[in-house]
Structures are given as C-alpha cells and as structure tokens.
There are 2 protein chains.
Amino acid sequence: MTSQAADGPETVAATRRSKITPEREQEFFDAVLEQVRACGYDSVTMEGVAASTRCSKATLYRQWKTKPQFVAAALRASRQSRFDGIDSGSLADDLREAARAAGAWSAKDTRLFQALGHAVMEDPELKKALREALIDPEIDALRQILRRGVERGEVAADNPALEYIPAQIFGVLRARPVLEGEDADPEYIVRFVEAAVLPTLGLTET
Amino acid sequence: MTSQAADGPETVAATRRSKITPEREQEFFDAVLEQVRACGYDSVTMEGVAASTRCSKATLYRQWKTKPQFVAAALRASRQSRFDGIDSGSLADDLREAARAAGAWSAKDTRLFQALGHAVMEDPELKKALREALIDPEIDALRQILRRGVERGEVAADNPALEYIPAQIFGVLRARPVLEGEDADPEYIVRFVEAAVLPTLGLTET
DNA sequence: GCGTTTCGGTACGCCGACGTATCGATGAGT
DNA sequence: ACTCATCGATACGTCGGCGTACCGAAACGC
C-alpha cells in the first residue's frame, strides 16, 4: 500500500528525511579520502573529518556505523574508471591515451593506495571497496583495450607479453614514486608505454 | 689503561654487558618483522613481540627507545641484496637469475612493503630504513647488471627501455598480488622478464 | 505555524597501546 | 664465591581515538 512514491531517492522509506544532501555527503567523502592520502588510514580520525567539514562527529556516526565502513563508503563513491571512452581504433593510440589518463590520476591514486595498504589487511570490506574503486575498473578497461586490439588483428592473441601489460602499467605507476621519489606523471608513463610496452607487441613506430 | 680488551664485540664499553646475544637480537628482529607482515605496522604491539619471543617488554625498551626505532633497527638488520653474485657474463641470463631471486623473496618483501606503506609517511627514519633494506640494494644491483650488459655491448646504451627496467620489475613484483591475488613466484617473474623485458632489449631467444 | 526529526557541539566512558617503574631472579665478571 | 647489572614479569600512569549520550537549535512535513 501507498506504493505511489513519486521519485524520491528511496522508493519506500516513508519517514526517511536526512538533511545530508548528496553534495554534502560527497564533501564528507572527499574530506576523509584527503585525510587518508595525507596521513594514512590509521591516523585519520572521525573527529578530524568532522572538524574539516564543520559537522559533528555524531552526524558521521548517524550515517555510518564505524570508521572502516565510512571509509569504504567513500571509496565506493569515488569509483570511476579513468579509461572510459578510450577507443580510437588504434591499439597503440589507445594505450597511449590510457597511459595519459592513468598518469593524470597517478599521484592521488598512488597515495590512496599506499595509505590503505595495511588497513585492507584487517577489514575485508575495505579491501573489496578499494579493489572496486581503484583497481578493477581500470584493469578491466585496459583488458578491453587489449582485446579490441587483438580482435582487430593488431597483435597476435598468443603474444606472451599481453598478459603482463596490466600488471606492468599498474606496477610502474606505483613503483616510480618509491624508486625515484616523484609521481608517475603522464609524460613518464606515456614514454614508458612507448619505450617498453609497444615494442613487445610489435607496435613499433615508423 | 686496561686497554687490552681481547676481542669483545665492543672494543671499549667497559662495563657494558648486555645479555642479549646477537642471535637473540635477531630473534627479536625476526619476530617483529613477522608481525608487521602479518598484521601491519600499527597493529604490531611491543607486548605482542615480547610475548612471541618470551622476553619482557621492558627488555625491548632497554635496547630501543621507541617502537619505530625498534622496527627501523629490525629493517636495517635484514638488509641484504637478493642479487649478490649474479654475473654470468650474459645479460639475459643475469636478468633471468635476478628475476628468480626476486621472485623467491617476493612474498615476504611485498607483504613487508605493503604493511609499512603508510607508516613511513610519518617516520622519516622508518622510511629511510625501508629504502635501505628493501629497495636500494636491489635497484642498485639491477642497475649494475644492466650497466655490465651495456658495457659488453649486448644492448645499446641509449635503448629507451633501459631506464624503466628496475621500475618494471619492482612494479610487477608488487602488482601481481594486488591484481591476481597470488604472489609473484619465480616462475611468473622469469616468464615476465622473458616475455616483456628481454624483447625490448633486443635479446630475443633463438 | 507546530511538532518532530535531525543537525552541530560537547562531554563522557571505554579500551588498547605506549612507555615507565618496581621487584625478585639470574647470570656474567673478578 | 661475591657482586651487581641485566633479565623476565607485571603493575601502573598516560594518552588518544572510537563510539555513545545528551543538549539546544534549526529545518522539514503537514
């Protein structure tokens, strides 16, 4: 009965009226992820997030039961593939474009990944959220790009280098800050793809 | 006077007589690093280490002022290059052997690295110790291997793929557990080197 | 406009870990 | 054999963050 709920965010939920707008919620998410990137997961305090968003700690706990659930929700909200819409018809160009996009997000993503590295050991929900936010979308998109290149016949399906490309790109993105102390900016990653990835696929430039 | 100290570990240090033998100390170091690998840095407790080594918490604090200093000391003690003695005269064989060695240590090293990822944000000494224990020795050794290959003329000095090889290997070692959920065992890494690294150097097998 | 719900602010209890202090026991050096 | 520093054990103080409870105030539904 009374199933005639016009168009609320929740179809049912009769008396649900949180004053937290989606924009406000996103502020919370942005704040907590920023703190995580800055100080690491364990150093983030609910009090700190509340202060930086000028809300009450109680307000945060009304929306999310615990701190890991809060962070996991923030991760899920930030889920987005950096590779969407890449489909130029050329595998080499697609890989270059993916490299550019990955490099553009590398600084933020790497810090987040590094900061959560240990926290996901203890909370499976956090681990799943991190995978779904930062890893799976990009890896899947990258595999799509490669698959299309194979289907177009640009590279042999049994090229042994194919299976390592996602791990290579992901790995180099995360490795450069550690080894050289500076972020893997787009120029670096594009150059890496051109120097070390395309050749193994037989996609050498003219 | 009485400068005739035969062959103690400390030449002077008149009344220094700690009962902690070097072997015992190494037990402490092994225990704390094992706990770090298992639960992450912040979850490690001095009490837990003391319990697992059947020593007193006070004993640990007598040797090391604080927990980060203790962990840093453990890291420094574990410093060792996994690539020592690799010099077969063939760059391809050297890289294969380095890959085998890196793969053999990958599981332990990656867990340690991941677990300390956030802790090094806050403690510079810890960061330095981690670099000197897990990163610099292997990267330096790898660069040596590559340099010798260049000097022997096996690969051109201006090959653009050269500069990315350390980051590639380090990155793939750390990336596979994340992407595929299993450690980068030696077989995997050797196959990676053969499929994706050697070709970029023009070292294709017959 | 009025009631009710949620908001921001804050004070509180709780717990766990750090790091210190104390105490008998033990083992090394003379 | 004697002495004394160090050992293992444990109890304690301290601190900080989690999560809860309570308060006036503001905003939404009717």
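## Basis

In this predicted model, local features need pLDDT of at least 70 and side-chain atom pairs count only at pLDDT 80 or more, while totals for chains, interfaces and linings use all residues. Residues are numbered from 1 along each chain as its sequence is written, chains are lettered from A and ligands numbered from 1 in the order in which they are written, and side-chain values use heavy atoms, with hydrogens and water left out.

## Largest pocket

The largest pocket has a volume of about 640 Å³. A pocket is found on a 1 Å grid over the protein atoms alone, as an open set of points where a 1.4 Å probe fits, with protein on both sides within 12 Å along at least five of seven lines; lining residues have an atom within 4 Å of a point. Grid points are joined across faces, edges and corners, and the volume is the space filled by probe spheres set on the points.

The lining holds 28 residues, and Gly117(A), Thr110(B), Gln114(B), Pro177(B) and Val178(B) lie nearest the centre. Two or more lining residues come from each of α5 (91–116), α6 (124–151) and α7 (165–180) of chain A, and from α5 (91–116) and α7 (165–180) of chain B. Helices here are DSSP runs (H or I, at least four residues), numbered from the N terminus. α7(B) gives the largest share, six residues. By type, the lining divides into 14 nonpolar, eight polar and six charged residues. Ala, Val, Leu, Ile, Met, Phe, Trp, Tyr, Cys and Pro count as nonpolar, Asp, Glu, Lys and Arg as charged, and the others, Gly among them, as polar.

## Second largest pocket

The second largest pocket has a volume of about 460 Å³ and is lined by 18 residues. Nearest its centre lie Gln114(A), Pro177(A), Val178(A), Val120(B) and Lys127(B). α5 and α7 of chain A and α6 (124–151) of chain B each supply at least two lining residues. This lining comprises eight nonpolar, four polar and six charged residues.

## Helix α4 of chain A

In α4 (residues 67–77) of chain A, the buried residues are Lys67(A), Phe70(A), Val71(A), Ala72(A), Ala73(A), Ala74(A) and Leu75(A). Buried means under 20% relative accessible area, exposed over 50%, and partly exposed in between (1.4 Å probe, protein chains only). These residues of α4(A) pack against α1 (22–39), α2 (46–53), α3 (57–63), α5 and α6 of chain A, contact meaning heavy atoms within 4.5 Å.

## Salt bridges

The count comes to 36 salt bridges over all chains, each being a side-chain nitrogen of Lys or Arg within 4 Å of a carboxyl oxygen of Asp or Glu. One of them joins Arg148(B) and Asp87(B) (3.3 Å, N to O). Arg148(B) lies in α6 of chain B and Asp87(B) in the loop between α4 (67–77) and α5 of chain B, so the pair ties together parts 61 residues apart in sequence. Arg148(B) is buried, at 19% relative accessible area, whereas Asp87(B) is partly exposed, at 47%.

Arg176(B) pairs with Glu180(B) (3.3 Å, N to O) and with Glu182(B), where the closest N and O atoms are 3.7 Å apart. Glu180(B) and Arg176(B) both lie in α7 of chain B, four residues apart, about one turn of the helix. Arg176(B) is buried, at 9%; Glu180(B) is partly exposed, at 35%, and Glu182(B) is partly exposed, at 42%. In chain A, a network of salt bridges links Arg176(A), Glu180(A), Glu182(A) and Asp185(A).
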